[in-house]
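Welcome, and please open your viewer. We will go from stop to stop, selecting residues as we go.

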Amino acid sequence: NGLRLAEPGYADALARAGLSLARFSLHGPGPGLHDAQVQVPGAFAKAWEGLENLRARGVAVGVNIVLNKLNAPRLRETCAWFLERGVGDLGIIFPLYEGDMAFYAARTALSMTEAAAAVRDAFAEFRVRGAEPPFLLNLTPCVLPGYEGRILRWSGDAAAVYDGAKTMLIDPEAYRLDRPEGGKGLAESSAEHKSKPASCARCVYAPRCLGAERRYLDRFGAAELVPLARIPAPFHRGWTGTRGWRRARRVA
């Protein structure tokens with residue numbers, strides 16, 4: 001959450017140790033909305049101070065926004081807020097219904113369809129500004145058709161990460177996640193806890209798509225997962241200078 005990075009000495013220590021990129025979880029345009037979600041007064045101010053401390057030390061920064069019913073209506077405003085302050089490396093994450101997200105679901109839960117509407121609205125802000133749009137996580141192509149190039153881990157190959165020259169930096173088949181129960185490939189890990197209803201067999205992406213989180217399907221059902229008859233036109237058609245594939249800075 002970045003709170004400790006508000007201490008200049010700690011930011012110094014991490015920068016000296018070789019930290020090259022840090023992603024902060026910030027869920028609104030300023031303290032009001034963010035602090036209400038994390039239920040920690042002053043959390044946004046501390047995290048933002050930590051972000052600025054790292055930027056001042058030459059460390060790249062990014063922001064992850066976890067969508068829920070409270071902040072989805074202000075997603076476009078939130079993205080604009082960060083862009084205006086020079087933070088262009090953004091990620092929009094659809095929540096997993098576990099932990100506090102499950103405990104507070106009565107006031108925070110939203111469907112993928114609701115999230116998709118907020119994402120489309122937010123991406124319009126990036127188009128107006130000519131800015132590279134954020135990556136997306138935990139959404140399916142059938143709910144957000146045309147955005148497949150920005151959705152991470154909806155398929156095994158979508159776990160890959162590329163740089164600006166389309167050189168693969170992370171190969172999902174080779175990258176291993178070390179866990180106490182044994183290592184797993186990133187592609188294999190992407191498929192964990194996911195399921196597909198029988199209707200998905202009719203989708204053009206059936207051979208590739210991993211489906212939706214089982215916990216999500218238990219809560220919302222599968223009516224949203226409408227099979228796609230053909231590969232949709234990419235969202236970025238007609239955009240100037242915007243690519244549809246995932247991009248990352250190469251770290252020397």
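Where is Leu144 found? Select Leu144 and you will land in the loop between strand 4 (135-137) and strand 5 (151-152). Keep in mind throughout that this is a predicted model.

Is Leu144 buried or exposed? Its relative accessibility is 0%, and Leu144 counts as buried because the cut-off for that is under 20%. Now show what surrounds this residue: beyond its neighbours within four places in sequence, Leu144 is in contact with Ala116, Val119, Arg120, Leu136 and Leu139.

Next, turn to the largest nonpolar core, which has 57 residues. Select Phe24, Leu26, Leu75, Phe82, Val119, Leu136 and Leu139, the residues with the most contacts inside this core. Among the elements that give two or more residues to it are strand 1 (21-25), strand 2 (60-66), helix 4 (75-84) and helix 7 (112-129). Helix 7 gives the most, with 8 residues.

Stay with Leu26 for a moment. Not counting residues up to four places away in sequence, Leu26 touches His34, Phe44, Ala47, Trp48, Leu51, Val63, Asn64, Ile65 and Phe82.

For the last stop, select Asn53, which is in helix 3 (residues 43-56). Asn53 is buried, with a relative accessible area of 13%. Which residues is Asn53 in contact with, leaving aside its neighbours within four places in sequence? Display Leu5, Ala6, Glu7, Pro8 and Ala11 to see these contacts of Asn53.

Terms used:
Residues are numbered from 1 along each chain as its sequence is written. This is a predicted model: local features need pLDDT of at least 70, side-chain atom pairs count only at pLDDT 80 or more; totals for chains, interfaces and linings use all residues. Side-chain values use heavy atoms; hydrogens and water are left out. Helices (H or I, at least four residues) and strands (E, at least two) are DSSP runs, numbered from the N terminus. Buried means under 20% relative accessible area, exposed over 50%, partly exposed in between (1.4 Å probe, protein chains only). Contact means heavy atoms within 4.5 Å. A nonpolar core is a set of buried Ala, Val, Leu, Ile, Met, Phe, Trp, Tyr and Cys residues joined through side-chain atoms within 4.5 Å.
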